[in-house]
Amino acid sequence: MNLIEKLEAVAEERKSLLPAGLEAFGIPIEAVYSPTEAKIGGRRVLFLGTNNYLGLTFAPECIAAAHKAIDEGGTGTTGSRMANGNYSGHRALEKELADFFQCRSAMVFTTGYQANLGTIAGLVGRGDTLMIDADCHASIYDGCRLTDADVIRFRHNDAGDLEKRLRRLGEKASTTLIIVEGIYSMQGDRAPLKDIVRIKNEYNSYLLVDEAHSLGVLGEKGRGLVEETGTLDQVDFVTGTFSKSLGSIGGYCVSNHPQLAELRYISRPYIFTASSSPSIIESTRAALKLLEKGTDLRQQLMENANRLYARLESLGYQLGPQPGPIIAATVNVPENALLLWQGLLDNGIYVNLVLPPAAPDDKALIRCSVSAAHTREQMDHVGDVFEELHKSIF
Amino acid sequence: MTHDNNDITGQLCQRLSHLTESKIEIEPDMNLIDTLALDSMKVLNLVMEIEDEFDISVPINALADVHTVRDLATLIHQLISSQE
């Protein structure tokens, strides 16, 4: 099979996943009206699949900061942090992230994906071991592939399984980086972080927690699961993204190890890419201030999440173990998930569709992400539509 | 307990027969993905079961050259031997 034939095979496989005319992946967004509403297929729809957890994409403070940065610093840096792209804004954001997390070191990356690639590939090398939760995000798997380290998976959210696998490693456990997530992106469940920290300490390993979906959501100040569980001072590295609760794009790693700064000289995903544009950096800085004092936003988000979770659960949908910003309904027959996804869109509601093998056990997921910007009425309307579709499909 | 390559291959064939719910007999030279239609996640989950069965660590980066049931058995045998 030549290179082009391989692409044709991909096209065939893609067509086999979805019926003709169903644009579930990469659906064209024609206009965005607010954090919760957009135009799709010529009509106004409710956004319920955007990861915009605090609804900050239209915050006036963030928009004003971005406008000012464009006026003063131009549209882009046109270079790497290692060359001409290391502006005062990048360094200020790193200082503010370190202060926010009460950590000694912080690094900013151009995307959240690169934050995981750059941190993992910079920290771990030949002779080391990576021990990752089986349900970790693709950016973590890809980061592992950039290393020459041994990569071992443990069963999702199973601290006992992690311990068993660390025990097998013997002395190599002390050069092992364990990687988990604060909130997992597919089912919205949380890592048993206290247990994982205890095991990490027992085996003298290192621990990285990806808080992509929990930054701004969990903890009194929104620092994530590490804050909610009181484990921040025992976790070695925390990574995350600006593209969810902070409403922009970019990523970070924070740590109490001051040696983190050396990654700037060895981490290829950090070095060999252009740095974030000034407007991105300044809107993120403005959003971080709103996030830190956004207790009311977190309360509103959880009220919305609890409301929708309770409604869907009462209707008989199979949900993750607890309410949170991600509420995913498992649908045993993927064809029914397609009907549900299309039915929601026909009723003006956009959610994410996840098909196997991205969804486990040959099942499918209808993945909703809730925002603080959603109203109670919107949540109730979503519940009503789910109810109608449940009656007609299942 | 010692395991030779044939024992391991036999155990793998049994496990795969159950996993794939296939009526065809699993042969050592069958390709895990092309012939047995296992997706990448199923292969990775199979590896976790193998780790527990043989009490070894099987790094997923070591699977790059594993295509057939026999390749997997050879890798497991090497990992067991390196621990003995």
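What share of the contacts in chain A with a separation of 6 or more comes from residues 24 or more positions apart? It's 70%, where a contact means two C-beta atoms, placed from the backbone, within 7 Å. Before clicking on, know that this is a predicted model: local features need pLDDT of at least 70, side-chain atom pairs count only at pLDDT 80 or more, and totals for chains, interfaces and linings use all residues. Residues are numbered from 1 along each chain as its sequence is written, while chains are lettered from A and ligands numbered from 1 in the order in which they are written.

Select chain A and switch to cartoon. You'll find 14 helices and 14 strands (DSSP runs: H or I of at least four residues, E of at least two, numbered from the N terminus). The C-alpha trace spans about 55 × 55 × 50 Å along its principal axes. Buried residues, those with 20 or more other C-beta atoms within 10 Å of their own, make up 51% of the 394 residues in chain A.

Next, pick residues 112-123 and 138-145 of chain A: helices H4 and H5, whose axes come within 8 Å and cross at roughly 35° (lines fitted to C-alpha atoms over the stretch in contact, angles from 0 to 180 degrees between N-to-C directions). Show side chains: among the residues that meet are A:Tyr113, A:Leu117 and A:Ile120 from H4(A), and A:Ile140 and A:Cys144 from H5(A).

Last stop: bring in chain B. Its contact with chain A takes 10 residues from chain B and 10 residues from chain A.

Terms used. Buried ≥ 20, exposed ≤ 12 C-beta atoms within 10 Å, placed from the backbone.
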